[in-house]
Amino acid sequence: MTREQQRFKAKRFLFFKDFLDLIFPQNCLYCGRSLFDWEFCLCNPCKNKLPVASYHLRPDDNDLTQKLQGLFPVSRCISYLKFSRKGMSQSLLHQLKYRNKPQIGHFLGSSFGKLLLKQPYHQEWDMIVPVPLHDQKRRRRGYNQTEEFAKGLSEALQIPVENLLIRSKWTETQTNKSRMERIENVSGVFNIRSNTNIYQRRILLVDDVMTTGATLSACANILWKNGAKTVDLATIAAGGGV
């Protein structure tokens with residue numbers, strides 16, 4: 001292809017993009033304002049309002065790690081956003097999970113990854129492992145929201161995503177269950193894929209939101225039992241302290 005043909009192709013693409021933006025304008029997924037070309041998912045004012053937590057500044061001693069004590073050998077647990085009911089984090093998670101907006105997961109993962117790059121986190125893990133959905137739920141939704149978050153993290157941190165875990169049983173929603181009921185609800189639900197070798201590998205296990213930590217602990221214990229050196233946890237949002 002000649003340089004002139006390349007320029008023509010680029011102009012045609014930009015014209016087509018402008019036409020689509022005119023017919024289907026891209027809006028901020030929180031406030032609804034039209035986005036500029038350099039904005040993605042959220043407008044800059046809304047992006048600056050994200051309820052960013054500071055768990056990553058003390059990952060081995062915060063209210064999340066304390067919550068997980070006794071469930072598995074937790075070392076570090078971090079979360080990008082502080083969760084609040086009817087707040088910004090809940091709105092974004094709702095759209096990610098139920099409104100066919102997988103791009104939100106990728107956006108939040110990439111944003112969190114860039115924040116983590118300010119600390120030496122990219123040297124701490126060999127792979128990123130998302131908590132899996134049951135195949136039936138994944139087919140119905142069209143994607144795994146946690147995997148989208150993992151992909152964004154991967155893009156920023158340059159660490160591969162590995163779908164090592166499978167969800168072998170359908171479970172009831174964890175909503176409105178007590179801590180013990182949640183733990184019982186995910187008991188025996190997760191397995192590791194056959195022929196998987198994670199011996200002495202340093203793993204970052206990720207999920208969309210952490211409440212009691214039951215789901216993350218169930219997955220982490222599977223990874224521990226199969227020889228992982230370390231299993232750290234990261235979520236899009238978590239409630240409580242920081």
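**Figure 1. A network of salt bridges in a predicted model.** In this predicted model, salt bridges link Arg138, Glu147, Glu148 and Lys151 into a network. Let us look at one link in it. Glutamate 148 and lysine 151 form a salt bridge, and their closest N and O atoms are 3.5 Å apart. Both residues belong to helix H7 (residues 145–157), and because they are three residues apart there, about one helical turn separates them. Are the two partners buried or exposed? Glutamate 148 counts as buried, at 14% relative accessibility, while lysine 151 is partly exposed, with a relative accessible area of 36%.

**Figure 2. Arginine 33 meets glutamate 39.** Side chains of opposite charge can pair when their charged atoms come close. Here is such a case: the side chains of arginine 33 and glutamate 39 meet in a salt bridge, at 3.1 Å from N to O. Glutamate 39 has a relative accessibility of 8%, so this residue counts as buried. Arginine 33, with a relative accessible area of 30%, is partly exposed. How many salt bridges are there in total? The count comes to eight.

**Figure 3. A salt bridge between a loop and a strand.** Aspartate 126 and arginine 202 form a salt bridge, with their closest N and O atoms 2.9 Å apart. Aspartate 126 sits in the loop between H5 and strand E2 (127–130), and arginine 202 in strand E5 (residues 202–210), so this pair ties together parts that are 76 residues apart in sequence. Arginine 202 counts as partly exposed, at 25% relative accessibility.

**Figure 4. Two phenylalanine rings, one from H5 and one from H7.** The structure holds five aromatic pairs. One of them is made by phenylalanine 112 and phenylalanine 149, which are stacked, with 6.5 Å from centre to centre and 15 degrees between the planes. This pair links distant parts of the chain, since phenylalanine 112 is in helix H5 and phenylalanine 149 in helix H7, 37 residues apart. Phenylalanine 112 is buried, with a relative accessible area of 0%, and phenylalanine 149 also counts as buried, at 0% relative accessibility. Which residues do ring pairs link into a cluster? They are Tyr80, Phe112 and Phe149.

**Figure 5. A tyrosine stacked with a tryptophan.** Now for another of the five aromatic pairs. Tyrosine 121 and tryptophan 125 are stacked, with 5.4 Å from centre to centre and 20 degrees between the planes. Both tyrosine 121 and tryptophan 125 are buried.

Figure 6. How many cavities of 30 Å³ or more does a search of the whole structure find? The search finds one. The largest cavity holds about 30 Å³ of space. Its lining is made by Leu29, Cys41, Leu42, Leu92, Ile104, Phe107 and Leu108. Sorted by class, this lining has seven nonpolar residues and no polar or charged ones. Helix H5 (residues 102–116) gives the largest share of the lining, three residues.

Figure 7. Where does threonine 215 lie? It is part of helix H9 (residues 214–225). Its relative accessibility is 14%, and buried means under 20%, so threonine 215 counts as buried. Valine 131 is 84 residues from threonine 215 along the chain, yet 8.2 Å separates their C-alpha atoms.

Definitions and conventions. Residues are numbered from 1 along each chain as its sequence is written. This is a predicted model: local features need pLDDT of at least 70, side-chain atom pairs count only at pLDDT 80 or more; totals for chains, interfaces and linings use all residues. Side-chain values use heavy atoms; hydrogens and water are left out. On a 1 Å grid over the protein atoms alone, a cavity is a set of points where a 1.4 Å probe fits but cannot get out, and a pocket is an open set with protein on both sides within 12 Å along at least five of seven lines; lining residues have an atom within 4 Å of a point. Grid points are joined across faces, edges and corners, and a volume is the space filled by probe spheres set on the points. Helices (H or I, at least four residues) and strands (E, at least two) are DSSP runs, numbered from the N terminus. Ala, Val, Leu, Ile, Met, Phe, Trp, Tyr, Cys and Pro count as nonpolar, Asp, Glu, Lys and Arg as charged, and the others, Gly among them, as polar. Buried means under 20% relative accessible area, exposed over 50%, partly exposed in between (1.4 Å probe, protein chains only). A salt bridge is a side-chain nitrogen of Lys or Arg within 4 Å of a carboxyl oxygen of Asp or Glu. Rings of Phe, Tyr and Trp (its six-membered ring) pair if their centres lie within 6.5 Å; planes under 30 degrees apart count as stacked, over 60 as edge-to-face and the rest as tilted.
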